[in-house]
Amino acid sequence: MAHYVGAIDQGTTSSRFIVFDKAGSIVSVGQKEHEQIYPRPGYVEHDPLEIWRNTQAVIGEALAKKGLKPQDLAAIGITNQRETTLIWDKRTGQPLHNALVWQDTRVDAIVEDFARDGGYDRLRDKTGLPLASYFSGLKLRWLLDNVPGAREKAQSGDVLFGNIDTWLVWNLTGGVNGGCHITDVTNASRTQLMNLRTLDWDPEILNLFNIPRACLPQIRSSSEVYGEATDNLAGLPIAGILGDQQAALVGQACFRQGEAKNTYGTGCFMLMNTGETPYPSKCGLLTTVGYRFGQGKAVYALEGSIAIAGALVQWLRDNLGMIEKSPDIETLARSVEDNGGVTIVPAFSGLYAPHWNSHARGLIGGLTRYATKAHIARAALEATAFQTREVLDAMTKDTGITARELRTDGGMVVNELLMQFQADILDVPVVRPKVIETTALGAAYAAGLATGFWSGTDELVRNWAIDKRWTPAMEASRRTQLNTLWDKAVSRSLDWAD
């Protein structure tokens, strides 16, 4: 009898395989980082073959750590970095180009071209998304236009497109030998090619972007048996797919309308469950599919996407050499009482929600001779909290719902200085669950629901438990002062690049 469910968590910087038990607790983890490739300013790429090799390696590592065999697992779920775009040859399994990562901005000029006729929101009614370099559709357009022979082969179905979830499922289920070419509704909703109401590829948008339908995967629900794994995992059902932020929504058991979570990772992403009707945003948020279980109705969400959160800490580590390891940022930041007047706006690839300004660029403001690297470290952590405040304000304006608490997850929530500052700057309690790997947990839940390992969402709600709660402790006048300085810094960063 299978006692566990496995989840592939393929993220922006690493691939992991996590095994969960019925209580939603972690049994074993394997993890491996992959290379970040920067061919030119604004270009960010990954090697799809390296990601596939690493995925295979971490599955083996996690199983070996606890002496587990594939038959000990009831199913495998997948969660993935969304919007990261690749094409590959159906006959050879070879990618035709490195994957274009969600942070990549090479399609800015194409975005501008489409925005001239109808503005940046011309597709928002159908897709819930503004025109932006963030989403997969125009990245696919760039690949088809710039990789020799790609468009012709895509039109015949010999070249396949996918986000990372599609690439992994195809390889797991046989690859060139009949691999399943599918995606789920959450990932499809991030391409800007899917109609939110029909949950299918929109023919008018495909025509507008000049995307051949033959290269696109079939859209399925987030929780169903898609196929069986081959090779070392032979016979195991692949039964759940959720884009990483939607997976965290499920992992945090946000199944009721109005419940929200914020994931602090490479970027920062807040999602609020808005029920079974797409909720249009007037405040710079995205309307997206939250999840769809089996043949049930799709549940939608509002999302605020922040491009740079943990990536700013990595930048201080790798580019400036200010810290040796990412966790060192908290110790350095705690060595000073405040930010010393320093504010950092990490608009490395423009600003996402709620600004959607692709020409914004990063800046460090308020520098004096008094400022030290410790003040810069503290300002870097605070930048994530300020961006989150902007998103939560937008959600409140759009929905009229005032948050009673913010459920948090992701790698940065172990940083208690950040969590307290987040509560202070929001004036809302911040809650960290006992299992902070909610992205992988959500993928496991989707797969386990499809195979009967879990009985339903009520059981998942019972699994959720609080590890720690931070309550606001900042004076209102100080909060106002800090927010005003942040708003001023953001205004300076906008439209910096021509």
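The residues lining the largest cavity divide into 4 nonpolar, no polar and 2 charged; here Ala, Val, Leu, Ile, Met, Phe, Trp, Tyr, Cys and Pro count as nonpolar, Asp, Glu, Lys and Arg as charged, and the others, Gly among them, as polar. This is a predicted model, in which local features need pLDDT of at least 70 and side-chain atom pairs count only at pLDDT 80 or more, while totals for chains, interfaces and linings use all residues. Residues are numbered from 1 along each chain as its sequence is written, and side-chain values use heavy atoms, with hydrogens and water left out.

**Cavities**

- The whole structure holds 3 cavities of 30 Å³ or more (on a 1 Å grid over the protein atoms alone, a cavity is a set of points where a 1.4 Å probe fits but cannot get out, and lining residues have an atom within 4 Å of a point).
- The largest cavity has about 50 Å³ of space, a volume being the space filled by probe spheres set on the grid points, which are joined across faces, edges and corners.
- Its lining consists of Arg378, Leu381, Glu382, Leu417, Leu418 and Phe421.
- Helix 12 (373-399) and helix 13 are the elements that give two or more residues to this lining (helices are DSSP runs of H or I with at least four residues, strands are runs of E with at least two, and both are numbered from the N terminus).

**Annotated binding site**

- An unreviewed UniProt entry annotates Thr12, Arg16, Thr266, Gly310, Gly411 and Asn415 as "binding site"; positions follow the numbering used here, feature names are shortened, and annotations may be inferred rather than shown by experiment.
- Of these, Thr12, Arg16, Thr266, Gly310, Gly411 and Asn415 are included in the lining of the largest pocket (a pocket is an open set of points with protein on both sides within 12 Å along at least five of seven lines).
- Gly411 lies in the loop between strand 21 (406-409) and helix 13 (416-426), and Asn415 is also placed in the loop between strand 21 and helix 13.
- Gly411 is exposed at 56% relative accessible area, whereas Asn415 is buried at 6% (buried is under 20%, exposed over 50%, partly exposed in between, with a 1.4 Å probe and protein chains only).
- Apart from neighbours within four places in sequence, Asn415 contacts Ile329, Glu330 and Leu381, contact meaning heavy atoms within 4.5 Å.

**Strand 5**

- Strand 5 (residues 73-80) is mostly covered, with 8 of its 8 residues buried.
- Strand 1 (residues 4-10) runs parallel to strand 5 and is joined to it by 6 bridges; two strands pair if DSSP finds at least two bridges between them.
- Ala7 stands opposite Gly77 of strand 5.
- Strand 14 (residues 237-243) pairs with strand 5 in the parallel sense over 5 bridges, and Leu242 in strand 14 is the bridge partner of Thr79.
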